[in-house]
Amino acid sequence: MSGNLHERAFELVAKARVEGGLADAEREWLSTHCEDCAFCSEHARQMDRALRSLRAAAIPLPADLASRTQFRVRLRAMELREREPKRRMLWLACSASWVFGIASAPFVWRVFEWFGKLTGAPKLVLEIGFGLWWTIPALFAVMVLLLEAARHPGEPDWMKPGR
Ligand SMILES: [Zn+2]
C-alpha cells in the first residue's frame with residue numbers, strides 16, 4: 001500500500017470525527033482500508049479514545065471547581081467557629097481578672113500604701129498607680145484584640161482565587 005492511501009485514511013478519520021461526517025463513498029473506502037490496514041485502524045481507535053477522554057475530562061473540571069469552592073467555604077466556616085470560642089475565652093479571662101481585681105482591691109491598695117510609705121511617693125502617684133492597676137485587664141484585652149486583628153488582616157482574602 002502506498003503512503004498516499006494511509007494519508008487519505010488519516011484525513012478521513014479526522015474528517016469523520018472533527019467535521020462530523022463522511023460521504024458514503026468515503027466511509028466505505030475508509031472501512032475497507034482499515035480492514036486491511038492495522039496501522040490506520042489503530043489510528044482510528046486512538047483518535048476515538050483521545051476524543052472520548054477529552055469529552056470525559058471536560059466534565060470533571062467544573063465539578064472539581066465547585067467542590068473546591070465548597071471546601072474553601074467549609075474551611076472558612078470552621079475557621080470562624082474555631083475563633084469564636086477563643087474570643088469567648090478572652091472575655092471570660094478578662095471579666096475574671098476584673099472580678100479578681102475588685103476582690104483584691106483593698107489588698108492592692110494596702111500594697112500601694114505600703115509602697116508609698118516605703119518610698120515616700122506622693123499620694124497622687126499612688127492613686128494614679130492604683131488606677132492604672134485597674135486598666136491592666138483592659139489593656140491586656142485591647143492588646144490581644146489588636147494582635148488578633150493584625151494576624152487576620154482584610155477579611156475576604158480567602159475569596160481571592162489561586163491561593
Ligand atoms: Zn492505512
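What spacing do the donors of the zinc ion follow along the chain? I read off H-x26-H-x3-C-x2-C.

Before going on, I noted that this is a predicted model, in which local features need pLDDT of at least 70 and side-chain atom pairs count only at pLDDT 80 or more, while totals for chains, interfaces and linings use all residues. Residues are numbered from 1 along each chain as its sequence is written, and side-chain values use heavy atoms, with hydrogens and water left out.

**Entry: the zinc site.** I listed the atoms that coordinate the zinc ion: ND1 of His-6, NE2 of His-33, and SG of both Cys-37 and Cys-40, at 2.0 to 2.4 Å. Donors here are N, O and S atoms within 2.8 Å of the metal (3.2 Å for Na, K and Ca); water is not among the atoms, so sites may look incomplete. The angles among the four donor atoms run from 99 to 116°, and the site is tetrahedral (four donors count as such if all angles lie between 85 and 135 degrees). I also checked two of the residues: His-33 and Cys-37 are both buried (under 20% relative accessible area; exposed is over 50%, and partly exposed is in between, with a 1.4 Å probe and protein chains only).

**Entry: the overall layout.** I counted five helices and zero strands in the protein chain (DSSP runs numbered from the N terminus: H or I of at least four residues for helices, E of at least two for strands). The chain has 163 residues, and 18% of them count as buried.

**Entry: helix 2.** I found 13 residues here, 24-36, reaching 19 Å from first C-alpha to last, close to the 18 Å expected (1.5 Å times one less than the number of residues). Which residues of helix 2 are buried? They are Glu-26, Leu-30, His-33 and Cys-34. Seen down the axis, they fall within an arc of 95°, so they line one face of helix 2 (the arc is that of the directions from the helix axis to the C-beta atoms). On the other side I noted exposed residues, including Asp-24, Glu-28 and Glu-35.

**Entry: helix 1.** Ala-9, Leu-12 and Val-13 are buried in helix 1. Their arc is only 105° around the axis, which puts them on the same side of helix 1. The face turned away from that side carries exposed residues, among them Asn-4, Glu-7 and Glu-11. After helix 1 comes Gly-21, with a positive phi near 145°.

**Entry: the cores.** I looked up the largest nonpolar core and found nine residues, including Ala-9, Leu-30, Cys-37 and Ala-44 (a core is a set of buried Ala, Val, Leu, Ile, Met, Phe, Trp, Tyr and Cys residues joined through side-chain atoms within 4.5 Å). Helices 1, 2 and 3 each supply at least two residues of this core, and helix 1 gives the most, with three. Another core of five residues lies apart from it, with Phe-112 and Phe-130 among them.

**Entry: the aromatic pair.** My search of the whole structure turned up one aromatic pair (ring centres of Phe, Tyr or Trp, its six-membered ring, within 6.5 Å; planes under 30 degrees apart are stacked, over 60 edge-to-face, the rest tilted). The ring centres of Phe-10 and Phe-39 are 5.6 Å apart with planes at 25°, so the pair is stacked. Phe-10 lies in helix 1 and Phe-39 in helix 3, so the pair ties together parts 29 residues apart in sequence.

Technical notes:
Four donors count as tetrahedral if all angles lie between 85 and 135 degrees; four count as square planar and six as octahedral if opposite donors are over 155 degrees apart and all others between 65 and 115; anything else is irregular.
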